[in-house]
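Here are a few exercises to work through with the model open beside you. Try each one yourself before reading the solution.

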Amino acid sequence: MTRRSITVVVGICLCLSLGALANPALNSLVIGGTQEPSNLCPWEGAADTKENVMGIFNVGLTYFDSDGVLQPGLATEIPSEENGRLLLFRDASGQIVRQEVLWTIREDANWSDGRPITADDAVFTYKVQNTPEILVTTRAFSNLVEEVRKVDSKTFWITYKTPNLFYANVGGSIGLCRFYDIAPKHVWEPIYDQVMAAIAANPENTTEIIEGQFLGAPPSTGTGTVVGSGVFRFQEWQINQFIRFSRRGDFCLDPPGPAENYMQEVTFRFIVAQPTLVSAILAGEIDASDDIGLAGLDPVILQGQLGNQGTVEVTPSGFIEKLNVNLFPECAAAADLLLGDKRTRQAIIQAIDRVDLATTVFPGATPSNSFVVAGDIGFHDALNPWEYDPEATEAVLADLGWSDLDNDGWLERVTDDGREIEFAMHWVATTADFRIRTGEILQEFLADVGIKLEVENLPGSVVFASEYINHGVDCAFRGMFEYAEAGGVAQAPADPLSNELWANDLLEDPVDAVLENVPLPANSYGGTNITGWVNEEFDQLRAQALEEFDIVKRSEIVKQMQVIYNEELPTIPLYDRVETVTKAIGLVNYVKGTAAARTQFWNPWEWGWEQNGAIAVR
Amino acid sequence: MIVYLIRRLLQVIPTLLVISLILYGLLALKPGDPIDEMRRGNPGFTQEDYDRLREFYGLDRPWYVQYWRWLGRVLHGDFGISRQFGRPAAAYIFNYRFPNTVLLSGLSLLLAFLVSVPAGTISAIRQHTAFDYSVTVVNFIGVSIPIFWFGIMLIYVFAVRLRGFLPAGGLASPGVVGAWPIFVDRLRHLILPVIALSSLQLAQWTRFMRSSMLEVIKLDYVVTARAKGLSERAVIYRHALRNSVLPLITLIGLNVPLLFSGAILTETVFNWPGMGRAIFDAILVNDFNVAMVSLMFISLLVLAFNLMADLAYALADPRVRYE
Amino acid sequence: MNDPLRSVEPLESPALERSTAGESYWRGVWRRFRRHHLAMLGGVVLLIFVLGAILAPWLTPYEFSRQNRRNMFAPPSFSVPADPTLVGRCVRPQVLFLKCGMHPFGTDDLGRDILARVLQGGRVSLLVGFIAATISTILGTFIGAVAGYLGGILDSVIGRCIEIMLSIPQLPLLLILVGLLANPEVRLAVLLSDALGDAKSIVIIIGVIIVLSWMSTARLVRGQILSLREREFVEAAKGIGASRGRIIFRHLLPNVVSIIIVQATLMLGEAILIESGLSFLGLGIQPPAVSWGNMLSRAQGFLYYPNGVFIALFPGLFIFLTVLCANFLGDGLRDALDPRHYSTL
């Protein structure tokens, strides 16, 4: 090899490694995540892929901070009865028949293109949300709205025909648009008018028109001007790659210091595969991860790998991982195993060492015994912990008639009509890595007490299809179905977000015996109570909670609900999920804090590098 | 022969139709749609919302009705909107995924070709020498190694152990400005995937080139050329090489369509946003439009290349008779 | 997946020596095979793997699915841990030189012994490979022979089918089929579940591999029959009045047998690669059953963990070695079985 060729080779290597050493510009932040939104339309979309990104360049009327306290965002103050902005009208029997909420938008609140945010925007947002032809994801809250009435350019009333407990909350529960409440009228009105005209001319092509011209409009796909209410202004979106923002000077909420000391540029990189995301973080290409991408990774090991490059934090996610049990008597496979008897479920929960499970599979997670996450305002902290006690399990199962009749290591029992049944229980979950491992661990725990767990992992698109998840009564899933559900977000649930446990709606008028929330042939398999649990006391408490505006009183009612749940165990709670987040050294105020904040991106205006003078306040 | 050619060309269209029907039917049998995803994490998503969205997307109609509507739109050149990305499916695939796949597969094809031709030739000329044996062993390794495992090991060595000497995947790093840094950055991201993807082709083609060359060397006209006293080099380059490369090119032609769908394992391991991965994801979440447009495109490519290969075969071997 | 090499590769140059006088065909085959050291080696190693797979449950002190969450990600070593609490539960205290507590390949993310899992996974992967290769080859041969010899409309129809099957992008078709058969909504899938229970995913994989790989054998056999059909010895046989069946079985097929054997051997490697690829993508053998492919898929997430790489290294190494040996063997067989040495007609 000649000297020249050696030089060339070395030169090439240097050039190649240059890429690895390049540092991001100061005051810019590169975030890495695995979920990319399908579009930037504020009315439509699946929450986990969108709430993050939309949160960078938008802010809602209110937001939860990292202590779980509700704060005004675009609004001047949170409406309440004390400050006269919340008016409740009751009838003779004390029922609330009407609710009016008065909002005032901040004087200095304006869009990223300089135009002021006005009440007209709010009225328009509701108009679009309410238009039947327009595709919005959910109308659960906007259906409660009777009208949105402008008072002056910054003030408006929202009138609800039935009480909305979450009238000031986040996530679309105010009843305007789903993502961050108010959408820019001056951007969307021309599109809206054009789409409505096209639909009027061609009603049979509504779907294509909405998909192409509404969801496919430039402000939604990022190919045109995208206008938002937040501190960062949209710059560009390279599909499957990244989306980029830069700070604007006229945002209404101030960071704890001069704005030039805080983040000026934000880039959100989409990396679909978790291992690739991890390697990018370790290579220094990414300053911070979002709160979804690193799910299931061991924070201690990650910190060991990261070394001095950054810190790893664990934040509560607001989701509880649980085993939903098939309680339908119509499903023979489940009924034969006596899953409908609460003692069986109590036996099963004591056969699982949930501390061991959580530590292995989701490091940082803590076992749960409730349907509310720990730390939430409605959380009951004195519930039965159902400690790991396999002997208690064996005793209870023996009481129920199970024993190892043929000495093969598995329990059997003889039914009333003389059949011999083996305790073989079906367990299904998605194919996420941590769930595959959970299945294997559960299999071992249950095998130790004589229960044969038949593990099945199927893709999410299969198990969450309504033909599957809503057909427990038909034995689609025949034993336990594991997934995570939100456990209240400082709203003291019985809010619709977290509750799949009620059966009969006792708030309707007149009250009937139809179980609205249990998917049965009678109600076309609609509803979220997929286990089929029916508990009258629980339903009554829920109806009470949904009419209680005082959040403290409401949380007391919810605590009573948790006592019932903890005893009956219609679903077997495993652990409160946590999220693993990495941060480069010096990044401040990038903290989620509690599950109520919903995303890591609730306060982009406060992000900064300590090295550049940013002050840490969170 | 002309008649045969015209007949084959005309057969392409009904074949494509049958393929589209089969594919659409199979896709439709798989339950689940993106609407089910919306339930999780959207406050208060009710049954009414669910029914409304199903009706909106026409999912409550039977699959053959949906197929018919799809076909009608396709014949007008409209391949529909992708439900995952909110953009026109065809534009999405061809603007964002297709170029990436062409880049990756094209480069690996090029690499394989550039290495296999000389390696195979020299191997054939110096048959039974140490070089030949080592090339043969390397070939066997290349044909046997699972591509995804090879990729994982490459990532482990170059990205994990060497702490980011080469990136562990992805297309490019953001925030890189300037033509030269961008070029270098893209190159760095390409090195490992191209090596992994080309391993199989490289091995196969080297073997093929070697046997093709061995065949040609012993043919009469080569022997004659030698006998005429031409230098070894002239014999090789002027006569043998040209003739032995031709079958290889036919082979490469057959391989090209496979590159589009078959690189999925490499694309998964290296998080490369290519067509293979797009098809896989689309199938998984029932994004019909994206899945169908990509699958039809690849089917068309395969049919086209098969036709060319069959023609070449028929022209080359007169013993094979086609009715 | 589909190696077009098979149909287009020119036959190796004819051997320069003749078969010794009076030697039977098979003797000649064996003699030539013996000269290929690599092929012999490949055959022996494959045999060892098969043996290891058959004896898997008895070759280590561990049960392959027994977890030991106190000792996850242990590095490969032949020493027993000093701390007895780190040693998991064993089925037997010792097998040859392997004591309970020794993990020659290390432990995985749930503390299971990787060697035991590799052996168990070998059972599944090799089973899938052998059965799929055998049935696919037989099926392809049958269809190809029929199409090639009988010709006419049957040949056109079969040819068209092959063409369509080969035109549909194979991997996506594989994904769709597997996804379809695995999900509980489809009636056929439920039937299969009831009939097969745990073995369902194995049977599905084998079935899908067969459905998608018979074509290459069929094409090859058909092409060979087509070209043989016109050769002199067939004309001669016809001339003496041999029946069609006799022609197919006594004269044509033996020429094809060598191709079939080689094809089956090479298909073994391919089937194993397909199975591991599918399992890697999450569609093949489902946990808790073990296969080399699904061990690799699990390992991806743990590359950054200390000693996590071993979960990926060993299964992949074994896939590689198996396919390599199958390829060596196939290559050697191809040389040894070259029909140009077939001296009796």
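**Exercise 1.** In this predicted model, work out how helix H16 (residues 536-545) of chain A and helix H17 (residues 551-568) of chain A are oriented to each other.

*Solution.* 
- Step 1: Start with the geometry. The two helices pack at an angle of about 165 degrees, and their axes are 9 Å apart.
- Step 2: Compare the angle with the cut-off: angles over 145 degrees count as roughly antiparallel. H16(A) and H17(A) are therefore roughly antiparallel to each other.
- Step 3: The crossing of H16(A) past H17(A) is left-handed.
- Step 4: Find the residues that meet. H16(A) brings A:Glu537, A:Phe538, A:Leu541, A:Arg542, A:Gln544 and A:Ala545, while H17(A) brings A:Arg554, A:Ile557, A:Val558, A:Gln560, A:Met561 and A:Ile564.

**Exercise 2.** Decide whether B:Asn139 is buried or exposed, and find its contacts beyond four places in sequence.

*Solution.* 
- Step 1: B:Asn139 sits in helix H6 (residues 130-144) of chain B.
- Step 2: Apply the cut-off: a residue is buried if 20 or more other C-beta atoms lie within 10 Å of its own. B:Asn139 has 24 C-beta neighbours inside 10 Å, so this residue counts as buried.
- Step 3: Leave aside neighbours within four places in sequence. The contacts of B:Asn139 are then B:Ala203, B:Thr206 and B:Arg207.

**Exercise 3.** Now do likewise for B:Ser116: is this residue buried or exposed, and what does it touch?

*Solution.* 
- Step 1: B:Ser116 belongs to helix H5 (residues 89-125) of chain B.
- Step 2: Its count is 27 other C-beta atoms within 10 Å, so B:Ser116 is buried.
- Step 3: Not counting residues up to four places away in sequence, B:Ser116 touches B:Leu202, B:Trp205, B:Thr206 and B:Met209.

**Exercise 4.** Describe the largest nonpolar core and follow the contacts of C:Leu303.

*Solution.* 
- Step 1: Take the size: the largest nonpolar core has 349 residues.
- Step 2: Look for those with the most contacts inside this core. They are B:Ile155, B:Ile283, B:Ala291, C:Ile205, C:Ile209, C:Ala271 and C:Leu303.
- Step 3: Ask which helix gives the most to this core. Helix H13 (residues 309-336) of chain C does, with 17 residues.
- Step 4: Turn to C:Leu303, leaving aside neighbours within four places in sequence. C:Leu303 is in contact with A:Pro275 from chain A, with B:Ile152, B:Ile155, B:Tyr156 and B:Val160 from chain B, and with C:Gly308, C:Val309 and C:Ala312 from chain C.

Notes. Residues numbered from 1 in each chain as written. Chains lettered and ligands numbered in written order. Predicted model: local features only at pLDDT ≥ 70, side-chain atom pairs only at ≥ 80, totals over all residues. Axes fitted to C-alpha atoms, helices over the stretch in contact; angles between N-to-C directions. Helix = DSSP H or I, 4+ residues; strand = E, 2+ residues; numbered from the N terminus. Parallel < 35°, antiparallel > 145°, perpendicular 65-115°, else oblique. Left-handed = near helix turned anticlockwise from the far one by under 90°. Contact = placed C-beta atoms within 7 Å. Core = buried A, V, L, I, M, F, W, Y, C linked by C-beta atoms within 7 Å. Buried ≥ 20, exposed ≤ 12 C-beta atoms within 10 Å, placed from the backbone.
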